[in-house]
Amino acid sequence: MLKIKNLLSADDLSKEDLLEIIELGERIMKSPEEFSHSCDGKLLGTLFFEPSTRTRLSFESAMNRLGGRVVGFSDSKASSSQKGESLRDTVRTVSQYADIIAMRHPQEGAAKLASTTSDCPLINAGDGGHQHPTQTLTDILTITSYKKRLTNLKIGICGDLKYGRTVHSLLKVMSMFDGNEYVLISPDELKIPSYFKEQVLDANNMPYTECLNLEDVIDDLDILYMTRIQKERFFSLQKYIRLKDSYVLDPKKLENAKKDLIIMHPLPRVTEISTEVDSDPRALYFKQVKCGMYVRMALIMKLLEANNA
Ligand code: CP
C-alpha cells in the first residue's frame with residue numbers, strides 16, 4: 001500500500017512508493033487483460049483547466065481499461081469557474097461525485113490547494129511550470145522497460161530546463177538512484193535554475209555538466225530526453241522566437257550516437273525532433289506515451305487500493 005493519499009508532486013514519492021507503482025505498471029503492461037475489472041464501479045473525475053492530449057486521454061483510457069468510468073471537462077470555459085466559482089469549491093463538488101480526481105491547472109500550487117478540499121484522492125496532472133508527477137512516472141516506467149535499470153546511465157536532458165516541469169520532476173526522482181551522470185543541454189536563458197541545482201543536484205551529489213551544443217555530447221549518452229521550448233511560459237514573444245529552434249534533433253546528429261541510446265520526449269513536440277527520426281528504432285517517444293497509460297492505470301489502482309494492486 002502507498003504511503004501517500006494524493007499525488008501532488010514528485011517530491012511526495014518515496015523510493016518504495018515509486019518502485020511499487022512501477023512494478024505494478026510493468027505487470028499491467030505484460031498482461032493488461034488481467035486488470036480489466038480492477039476498478040469496476042469506480043469513477044474518475046478529470047478537471048483540465050489547461051490544454052492536454054496525452055495526460056487527459058491517458059488518464060481516461062487508463063480508467064476505462066480498468067473497468068471504471070470517467071466524468072470531467074477538458075475546457076474550463078464549460079465549467080462554473082467561468083461564473084467565478086473558486087477552484088476549492090469546484091474540486092470539493094467533483095469529489096462528491098468521483099472516487100478519484102486528475103487535475104491540470106495553469107497555476108503553480110493549484111493541485112496542493114485543490115487537495116485541501118477534495119474528499120477523494122487527487123492527482124496533479126500538471127500545475128503550471130511546477131510539477132507533472134505522472135509524466136515522471138511515465139518516464140521512469142519507460143526507462144526501466146527499455147534500459148532495464150535506473151542506475152549507471154548517462155542522461156542528456158535538452159531544451160527548456162528552466163520552465164520544464166517534466167525535467168524538474170524527473171531529476172528529482174532520479175536523485176534516488178545512484179551512479180547516473182547528467183548532461184544538461186540548453187541555451188543560457190533556459191538553464192536549470194540555480195535554486196534547483198543547489199536543492200536537488202548538489203544536495204543529492206548528482207554529477208552534472210551543463211553545455212550549449214547537443215552535437216558535442218550526444219555520442220556518449222545512454223538516454224537523450226528532448227523537451228519543447230514552451231511558448232506558453234514566455235512573457236516575450238520575441239524571446240520565444242529567438243530560442244524556439246535552439247535544438248533540432250535530426251538523423252545526422254544521431255549518426256555516431258550509441259546503438260542502444262533511447263530518445264525520449266514528454267511530447268507534444270514542435271520542431272525539436274525532426275519527423276525523420278521517428279522511424280529510428282532508438283526513438284521511443286510514442287512507446288513512452290503508451291507507458292504513460294499503463295503507469296496511470298497502476299497509480300489509479302494503488303490510490304484506490306484496488307484488490308489486485
Ligand atoms: N506530456 C504531456 O503532458 O502532454 P499533454 O500536454 O498533451 O498532456
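1. Glu 189 is partly exposed, at 27% relative accessibility. Here buried means under 20% relative accessible area, exposed over 50%, and partly exposed in between (1.4 Å probe, protein chains only). This is a predicted model: local features need pLDDT of at least 70 and side-chain atom pairs count only at pLDDT 80 or more, while totals for chains, interfaces and linings use all residues. Residues are numbered from 1 along each chain as its sequence is written, and side-chain values use heavy atoms, with hydrogens and water left out.

2. Glu 189 pairs with Arg 242 in a salt bridge, 2.7 Å from N to O. The term means a side-chain nitrogen of Lys or Arg within 4 Å of a carboxyl oxygen of Asp or Glu. Arg 242 sits in helix H8 (residues 237–243) and Glu 189 in the loop between strand E6 (181–185) and helix H7 (194–202), so the pair ties together parts 53 residues apart in sequence. Helices (H or I, at least four residues) and strands (E, at least two) are DSSP runs, numbered from the N terminus. Arg 242 is exposed, at 52%.

3. Glu 305 and Lys 5 also form a salt bridge, with the closest N and O atoms 3.7 Å apart. Glu 305 lies in the segment after helix H9 (285–303) and Lys 5 in the segment before helix H1 (15–30), so this contact ties together parts 300 residues apart in sequence. Glu 305 is partly exposed, at 42%. Lys 5 is exposed, at 53%.

4. Asp 245 and Lys 244 meet in a salt bridge at 3.1 Å, N to O. Asp 245 is partly exposed, at 40%. Lys 244 is partly exposed, at 29%.

5. The whole structure holds 15 salt bridges.
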